[in-house]
Amino acid sequence: MTATTTAVSDATGMESVDSFRLRAREWIPANLRRLADLPADEGAQRNVSSDESAWQRARALQRTLYEGGFAGICYPKEYGGLGLTSAHQRAFNEEVAGHEMPMRLNVPTFTICGPTILDMGSEEHKREHLAAAIRGDEVLVQFLSEPGSGSDLAGATTRAERDGDVFVLNGSKIWSSGAYAADYALCLARTDWDAPKHRGLTMFLMKVHQPGVHIERIKQVNGGDEFCQEFFDDVVVPASAVVGEVGGGWAVASRQLFHERNAVGGGSPYFSGARAEGRRGTETDALIDLVRRTGRADDPYARELIAEAHALGVIHGHLVDRVTAGMRTQKMPPTAGSLIRLFHGESATRQAEIALELAGPAAAMSAPDGPDTREVGVSFLFRQATQLGGGSTEMARNIISERILGMAREYAADRDVPFNQVRHGR
Ligand SMILES: Cc1cc2nc3c(=O)[nH]c(=O)nc-3n(C[C@H](O)[C@H](O)[C@H](O)COP(=O)(O)OP(=O)(O)OC[C@H]3O[C@@H](n4cnc5c(N)ncnc54)[C@H](O)[C@@H]3O)c2cc1C
């Protein structure tokens with residue numbers, strides 16, 4: 001169903017934020033289910049379920065948003081988006097809080113891969129893949145990390161060799177979240193072994209499911225199996241799949257990491273759904289609910305912990321506002337996204353510790369007649385993921401010291417050395 005409220009535009013022809021908000025307010029309850037009404041076993045919204053049906057549900061929801069005129073809010077119109085501003089997106093995110101959204105499509109499809117294609121892709125990549133993702137027809141994934149290079153991304157050894165109009169890929173990628181359910185991947189591979197490591201790389205926008213690609217899912221400590229490892233065995237990729245220049249893959253990867261830091265830190269304008277704005281209140285609400293369920297609502301120490309968690313959320317929100325404004329106005333360098341990425345990793349870990357302390361033993365096991373708070377224990381087990389995914393917090397510290405504070409660069413034995421002469425530890 002489309003909204004019946006008429007759009008009101010300003011002098012430039014762009015719909016005003018207030019008008020957009022009012023149309024969203026009318027459309028959302030008529031088209032999206034309230035989270036409170038979802039059956040208890042439906043994990044799609046909470047982003048935890050790793051079965052195919054959760055992905056199918058996310059694609060269907062994305063199509064609903066698209067048909068209703070609320071998809072790709074900040075993406076340009078020529079590539080299937082609405083061409084509106086981050087203020088429109090913020091208004092939508094506020095209105096949609098408490099409703100089912102295709103949250104799993106935010107990272108990496110809309111907040112990382114999409115913006116990278118927008119910045120660095122060919123006209124054909126943008127028209128084909130951005131529009132398909134916004135319609136809910138395409139899910140994108142990142143093939144960056146390798147078994148031997150995660151933090152040292154430029155040390156990738158997946159090989160891409162040119163053969164006429166195609167490249168042939170061999171090697172392996174790992175930790176690719178949701179690859180089994182994705183359609184296309186941004187894949188970093190080495191095309192020149194004589195060049196120093198940053199200069200011999202090329203980025204490809206490749207089909208995930210094709211001959212020669214073998215995907216294995218990795219079981220995680222929290223029970224999920226979203227992570228995948230891919231093995232490439234003579235995978236043929238057309239030359240038109242190259243994003244940017246052959247040998248210019250590091251420039252594309254750097255842009256991708258920029259968007260990733262913003263996405264992980266909570267500062268991406270392409271994030272659609274309540275999490276980005278909800279941070280300031282929803283986590284505190286969840287903790288209050290937790291102490292009510294465990295009967296500790298009047299415990300002064302529990303209240304102190306909740307106040308700490310709330311303060312972290314408030315500071316995070318202000319930091320995101322400050323840093324995104326700083327980068328937009330160029331008062332801060334693009335690497336400033338590392339500040340919010342670092343804070344997010346630290347505060348999310350602390351929030352998980354606080355929740356564990358509040359739940360007490362019930363986080364590990366619950367009595368048959370007591371409250372079920374085992375999800376707190378499961379989140380605690382996975383807390384370190386927030387310190388690693390999107391580049392580790394240690395690497396964020398390195399970037400802050402070297403690129404923002406101007407401190408001395410870390411020693412690198414492989415700098416400016418042809419990659420085939422770099423010694424690799426075995
Ligand atoms: C939730 C989650 C989702 C992810 N999704 C994807 C994905 O979709 N696609 C993808 O390609 N990858 C993904 N990753 C992988 C992620 O990018 C890597 O885990 C991360 O870059 C770290 O690489 P690594 O695991 O190889 O650790 P390593 O690079 O081996 O690092 C191990 C430890 O050493 C530290 N370290 C390494 N080098 C330095 C240094 N120079 N200075 C200081 N400390 C250092 C690191 O901080 C880390 O603590 C995901 C990871 C997580 C947790």
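Cys228 counts as buried, at 0% relative accessibility (buried means under 20% relative accessible area, exposed over 50%, partly exposed in between, with a 1.4 Å probe and protein chains only). Cys228 is in no disulfide, and the nearest cysteine sulfur, in Cys187, is 14 Å away. This is a predicted model, in which local features need pLDDT of at least 70, side-chain atom pairs count only at pLDDT 80 or more, and totals for chains, interfaces and linings use all residues. Residues are numbered from 1 along each chain as its sequence is written, and side-chain values use heavy atoms, with hydrogens and water left out.

**Cysteines**

- The structure holds zero disulfides (a disulfide is a pair of cysteine sulfur atoms within 2.5 Å).
- The closest cysteine sulfur to that of Cys187 belongs to Cys113, and the 11 Å between them is too far for a bond.
- Cys187 is also buried, because its relative accessibility is 0%.

**Helix H9 against helix H10**

- Helices here are DSSP runs (H or I, at least four residues), numbered from the N terminus.
- H9 and H10 pack at an angle of about 165°, with their axes 10 Å apart. Axes are lines fitted to C-alpha atoms, for helices over the stretch in contact, and angles run from 0 to 180 degrees between N-to-C directions.
- That angle makes H9 roughly antiparallel to H10 (under 35 degrees is roughly parallel, over 145 roughly antiparallel, 65 to 115 roughly perpendicular, and the rest oblique).
- The crossing of H9 and H10 is left-handed, meaning that the near helix is turned anticlockwise from the far one by less than a right angle.
- Residues of the H9 contact with H10 divide into 16 nonpolar, six polar and three charged. Ala, Val, Leu, Ile, Met, Phe, Trp, Tyr, Cys and Pro count as nonpolar, Asp, Glu, Lys and Arg as charged, and the others, Gly among them, as polar.

**Val323 in H9**

- Val323 sits in helix H9, residues 300-328.
- Val323 is buried, at 1% relative accessibility.
- Leaving out residues up to four places away in sequence, Val323 touches Met332, Ala336, Gly337, Leu339 and Ile340 (contact means heavy atoms within 4.5 Å).
- Asn106 is 217 residues from Val323 in sequence, and their C-alpha atoms are 20 Å apart.

**Helix H6 against helix H10**

- The axes of H6 (residues 249-265) and H10 (residues 337-359) come within 8 Å and cross at roughly 40°.
- That makes H6 oblique to H10.
- H6 and H10 also cross in a left-handed way.
- From H6, Arg261, Asn262, Val264 and Gly265 meet Gly337, Ser338, Ile340, Arg341 and His344 of H10. The residues of this contact divide into two nonpolar, five polar and two charged.

- Gly360 lies in the loop between H10 and helix H11 (374-381).
- Gly360 is partly exposed, at 26% relative accessibility.
- Val376 is 16 residues from Gly360 along the chain, with 9.6 Å between their C-alpha atoms.

**Helix H13**

- Buried residues of H13 (residues 393-404) are Thr393, Ala396, Ile399, Ile400, Ser401 and Glu402.
- These buried residues pack against H6, H10 and helix H12 (385-388).

Key: Helices (H or I, at least four residues) and strands (E, at least two) are DSSP runs, numbered from the N terminus.
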